[in-house]
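User: Please take a close look at one part of this protein. Show me how that part sits within the whole.

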Amino acid sequence: MAKKLLYVVCNPKQDSNASRSQQIAEAYIDAFKEVQPDLIVDKINLFHAGEDLVPEIDEDLIFARAGLSFRGLKFEDLSPEQQRKYKNHVACCDHFIDHDFYVFASPIWNLGSPHYMKKYIDNLFANGKTFIAKPDERRGLLTGHVQHIQTRGGTYSTGPLVEFESGDRYLKIAMEFMGLTYQPVIYAEGLDHNPRQAPEIVAAAKEQARKAAIELATSTKGE
Ligand SMILES: Cc1cc2nc3c(=O)[nH]c(=O)nc-3n(C[C@H](O)[C@H](O)[C@H](O)COP(=O)(O)O)c2cc1C
């Protein structure tokens, strides 16, 4: 059966020519497809996905989740609006699970990922489905590989900001919590602080992305 890759873009820019993280991610996906040409690629841009695909965990959803999980409510007990939102919430998680590889492309914004990333991840944490957490046991239930491509205006790999990078760090924690194998982040940094070097920095990151994709695609081919 053909393998599936989910390409998750977390960026308001819809034109990838205007977005360096998306250009690097596309280089990664193109290289992956050279090795696994049957790969199916699904794409979601979290800024543009809308409430039906990535619902906000609002009061209705909190009530529905808690009611069904802990308070003995049945689906029919929920209001039509709560039912609709709950179905979308479950579908968002099921869509995520239905993939073998994940590529996230995001810029760093104010030390973390843009907030739509957290909104998305809040839909993926499902006890008993994506992880098990009990007082004496914690286990991720998903299998698959995650590659995060992150662009940074400043520099976080060395210098005074090293401790402050929270976008990749949180994504790694969340993905590993759910059992996924997290590949080392591919970043292009210093893009805004060194604009003249930016094209070179992006080109180097694309090359790194190509290599990483070919390596993972080769090692998982035929699995
Ligand atoms: C709202 C906002 C906040 C940002 N915050 C940071 C930051 O905290 N650290 C940093 O290095 N760059 C920051 N940047 C710069 C972006 O990370 C950088 O321009 C990145 O290359 C954008 O990626 P893109 O070309 O894929 O959109 C910020 C940019 C925006 C728009």
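Analyst: Two residues are in contact if their C-beta atoms, placed from the backbone, lie within 7 Å. In this protein, residues 24 or more positions apart make up 76% of the contacts with a separation of 6 or more. The model is predicted, so local features need pLDDT of at least 70, side-chain atom pairs count only at pLDDT 80 or more, and totals for chains, interfaces and linings use all residues. Residues are numbered from 1 along each chain as its sequence is written.

The part to examine is Tyr102, found in strand β3 (residues 101-107). Helices (H or I, at least four residues) and strands (E, at least two) are DSSP runs, numbered from the N terminus. Tyr102 counts as buried because 23 C-beta neighbours lie inside 10 Å. The cut-offs are 20 or more other C-beta atoms within 10 Å for buried, 12 or fewer for exposed, and partly exposed in between. Of the 223 residues of the protein, 32% count as buried.

Now the partners. Leaving out residues up to four places away in sequence, Tyr102 touches Leu6, Val8, Gly144, Val146 and Leu180. Tyr102 and Lys4 are 98 residues apart along the chain, yet 8.6 Å separates their C-alpha atoms.

Strand β1 (residues 4-9) runs parallel to strand β2 (residues 40-45), and six bridges join the two. Strands pair if DSSP finds at least two bridges between them. Leu6, touched by Tyr102, has Asp42 as its bridge partner in β2. From β1 the chain passes through α1 to β2, in a right-handed β-α-β crossover. Right-handed means that, with the strands pointing away from the viewer, the path from the first strand over the helix to the second runs clockwise.

Helix α1 (residues 20-35) also gives the most to the shell around the ligand, with three residues. There are 17 residues around the ligand, and Ser21, Pro107, Thr151, Gly153 and Gly154 come nearest. A residue is near if its C-beta atom, placed from the backbone, lies within 6 Å. By class, the shell holds five nonpolar, eight polar and four charged residues. Nonpolar covers Ala, Val, Leu, Ile, Met, Phe, Trp, Tyr, Cys and Pro; charged covers Asp, Glu, Lys and Arg; the others, Gly among them, are polar.

Step back to the whole. The protein has six helices and eight strands. Their order along the sequence is β-α-β-α-α-β-α-β-β-β-α-β-β-α. Along the principal axes, the C-alpha trace spans about 60 × 40 × 40 Å.
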